[in-house]
Amino acid sequence: MLLAIDAGNTNIVFGVHDGNAWIHEWRFNTLPIKNQIEYEVFLRLNFLENDLKLSDVDGIIISSVVPQMNTILAEFWSNLIECEHVFIGPKYYDQLPIITSNPHSIGTDLMANAMSAHCLYKTDCIVVDFGTALTFTVVEASGNIHGVNIAPGLKTAIKALVGNTAQLPDVPLELPTSVIGKNTVHAIQAGVLWGYVSMVEGMLDRIQKEMGRNFKVVATGGLSSVLTPLHERFDEVNRHLTLDGLRLIHERLK
Ligand SMILES: Nc1ncnc2c1ncn2[C@@H]1O[C@H](COP(=O)(O)OP(=O)(O)O)[C@@H](O)[C@H]1O
Ligand SMILES: CC(C)(COP(=O)(O)O)[C@@H](O)C(=O)NCCC(=O)O
Ligand SMILES: [K+]
């Protein structure tokens, strides 16, 4: 059984894979950083509640884009699980079928997304990840990561707007029917959510125009289902893309 840990800026996702499928997945807020005991208890409880045995874990793979978390992530499970772990980083990249020209400046979650896209779809892909950041990773069929595009994520954009204005309230992530608001809440929802629909559509067009060909578009991340009008532009929404990438990287390094 593999335990994959994907630490993003909002959530740490723990996934357990039994060799056939992800049999369990849990989320834990990344911040504030907790102490080792809290992570141990979290892991122990979740295994217990789901009838899983910690002793069945024979592999651990970790990705983190939050360096403050790295020490605790590399250690907190060591009293509970006896096995080797892989903490993804540039030292492993030359063993992978994906190529990046700038290994020290690409998030390991984006490397995992690229690994998934390359191994699962075997074609030119744009991975759109709706996390704390909204990212577009351009992966060619050869496995070459042509480049990445990073914008504020949906919730991050709303937080920035609310935090930098005196009168604007936080709003639910609901797409209004009209792109023109008649009250403050609808105005923000129209501006941010419809704005992001147009941004993603425009970005996909621009990337493919610049690349001179069409790419398969795969969406992932916690907020990948919010902007429903985009679904016709996505060839696929795969919520497990990052975890799958971690699993595929682990398999490759074995
Ligand atoms: N299952 C879910 N359903 C709805 N919203 C979610 C879910 N998982 C995460 N989110 C929200 O999506 C946003 C991005 O989450 P996530 O993709 O986990 O970010 P990151 O990888 O940056 O930590 C967060 O604001 C989170 O609250
Ligand atoms: C772009 C990111 C902030 C995305 O993080 P997330 O939204 O998943 O929390 C992360 O992958 C990161 O910090 N990357 C390093 C810089 C880069 O990817 O180019
Ligand atoms: K992520």
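This is a predicted model: local features need pLDDT of at least 70, side-chain atom pairs count only at pLDDT 80 or more; totals for chains, interfaces and linings use all residues.
Q: Hi! Which residue in β2 is the bridge partner of A7?
A: That would be I12. Strands here are DSSP runs (E, at least two residues), numbered from the N terminus. Residues are numbered from 1 along each chain as its sequence is written, while chains are lettered from A and ligands numbered from 1 in the order in which they are written.

Q: Thanks! In what sense do β1 and β2 pair, and over how many bridges?
A: They run antiparallel, over six bridges. Two strands pair if DSSP finds at least two bridges between them.

Q: What order do the strands of the open sheet have?
A: The order is β3-β2-β1-β4-β5, five strands with mixed pairing. β3 (22-29) and β5 (85-87) are at the edges with a single partner strand each, so each has one side without a neighbour in the sheet.

Q: Switching topic, how is the chain divided into domains?
A: There is domain 1 (2-87) and domain 2 (104-246), with bounds from an automatic or database domain assignment. Their centres, taken over C-alpha atoms, are 26 Å apart.

Q: And how many residues of each are in contact?
A: 13 residues of domain 1 meet 11 of domain 2, where contact means C-beta atoms, placed from the backbone, within 7 Å.

Q: Which strands supply the domain 1 side?
A: β1 (2-7), β2 (11-17) and β4 (59-64) each give at least two residues to the side touching domain 2.

Key:
Two residues are in contact if their C-beta atoms, placed from the backbone, lie within 7 Å. Helices (H or I, at least four residues) and strands (E, at least two) are DSSP runs, numbered from the N terminus.
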